[in-house]
Every structure is written in structure tokens, then in C-alpha cells.
Amino acid sequence: MKIQQEIANWDGKSVEALQAIYDCHGLERGFGAALIPLLKEPGLERGASWLLKLYLEEGGVLSPTEVKQVFQSLSEVKEWETALHLLQSLPYLTIGKRDVKQVEAFLRRCLTSENKFVRAWAYNGFYELALQHPQFKAETDQLLEQAIEDEAASVKARVRNILKQRL
């Protein structure tokens, strides 16, 4: 696969170009797995994370080992767009007991992001974490309540969507 080179050639803006990469390679065996190491590559992580999110949204599946590798990359995420894509991918990933600490640390870091979208999806990430690991339910409830009081309108909108899902 030449995915790495195609992402490297991406202009950093065109969604159509990323969609074309997905259309060309998305059904190839090992596509999702090929994206995971690119999550740690400067200049490639944004495109790779966007493609990974799309792959998962379209029904692509990662093995437990591959999911673990995604979670291991969380501590190295530097760009807000990469963080956003990975946060938006969480509903499609099983968070194993051994991965909880890495995911939790990433979510806490994202809650303090200057970017409103990242913060909004970090709240959603805590919701997903609490669904899979009930020990986080009380804290997540508290975080969501606090967000409704303190956060920007765009973040509150995402939190309201989370609260509707819970009913």
C-alpha cells in the first residue's frame, strides 16, 4: 500500500483528497492497521486519524491488538485535529481494562484543550468510557453537569446530545 505517501502528498486541507484515498484503499485488507503507525508520524497524523475515523464509521474493525496500539499513540497526539478524530473514533473502540489509564489521561488532557471541539468530544469520550467502565459514571455525570454550567455554547450543545442519549 502506498497510503503513507498519499497522505504525505495531501495538502492538509482537502477533505475530497482524503476521501479519494479512502475510496481507493478503504476496502483493502489491513487498511486500518496500516494507519495506526502513522498516528505517531509528524505531518501524517492528521490525515491518518481522519482516515481511521472514517474507516471505523464505515464499519471497519480493528483487532484488540490494533485498538491497543491506537490507545498507545494517544500520549503522543499533538495536533488538535488528530485529537478530535481520535475522540470521535472512541464509540467504535473497545476500551480494555489495561487501556483505561491511557484513555483516561488523554480525555483529561483534552478537557483542558483551548479548542472547543476537542473539549466537547472529550466529554463524549468520558461518556463512552463510563459506558464501558461503570466506575467512571459518577464522575462523568459530574463533568457533564459542570459543562452545562461553565462551557461555551458549542460545547454545551454536544453535552446536551450526550445527555439525550442517556435517557
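**View 1. Helices α8 and α10 cross in a right-handed sense.** By handedness we mean how the near helix is turned from the far one by less than a right angle: clockwise is right-handed, anticlockwise left-handed. This is a predicted model, with local features needing pLDDT of at least 70 and side-chain atom pairs counted only at pLDDT 80 or more, while totals for chains, interfaces and linings use all residues. Numbering runs from 1 along each chain as its sequence is written, and side-chain values use heavy atoms, leaving out hydrogens and water. Here α8 (residues 116-132) packs on α10 (residues 153-166) at about 20 degrees, with the axes 8 Å apart. The two helices are therefore roughly parallel (angles under 35 degrees; over 145 counts as roughly antiparallel, 65 to 115 as roughly perpendicular, the rest as oblique). Helices are DSSP runs of H or I, at least four residues, numbered from the N terminus. Axes are lines fitted to C-alpha atoms over the stretch in contact, with angles from 0 to 180 degrees between N-to-C directions.

**View 2. α8 also packs against α9 (residues 137-150).** The angle is about 160 degrees and the axes lie 9 Å apart. That is why α8 and α9 count as roughly antiparallel. Their crossing is left-handed.

**View 3. α4 (residues 45-57) meets α6 (residues 80-89).** The axes of α4 and α6 come within 8 Å and cross at roughly 15 degrees. So α4 ends up roughly parallel to α6. The crossing of this pair is left-handed.

**View 4. The largest pocket has a volume of about 220 Å³.** A pocket is an open set of points on a 1 Å grid over the protein atoms alone, with protein on both sides within 12 Å along at least five of seven lines; lining residues have an atom within 4 Å of a point. Of the 14 lining residues, L62, S63, P64, V67 and T94 sit nearest the pocket centre. Helix α5 (residues 64-73) gives the largest share of the lining, three residues. Domain 1 (1-76) and domain 2 (95-166) each supply at least three; the bounds come from an automatic or database assignment. The lining splits into seven nonpolar, four polar and three charged residues.

**View 5. The largest cavity is about 40 Å³ in volume.** A cavity is a set of grid points where a 1.4 Å probe fits but cannot get out. The structure holds one cavity of 30 Å³ or more. Around the largest cavity are V70, F71, L74, L86, L90, L93 and F106. That makes a lining of seven nonpolar residues, with no polar and no charged ones.

How values were computed
Points joined across faces, edges and corners; volume = space filled by probe spheres on them. Nonpolar A, V, L, I, M, F, W, Y, C, P; charged D, E, K, R; others polar.
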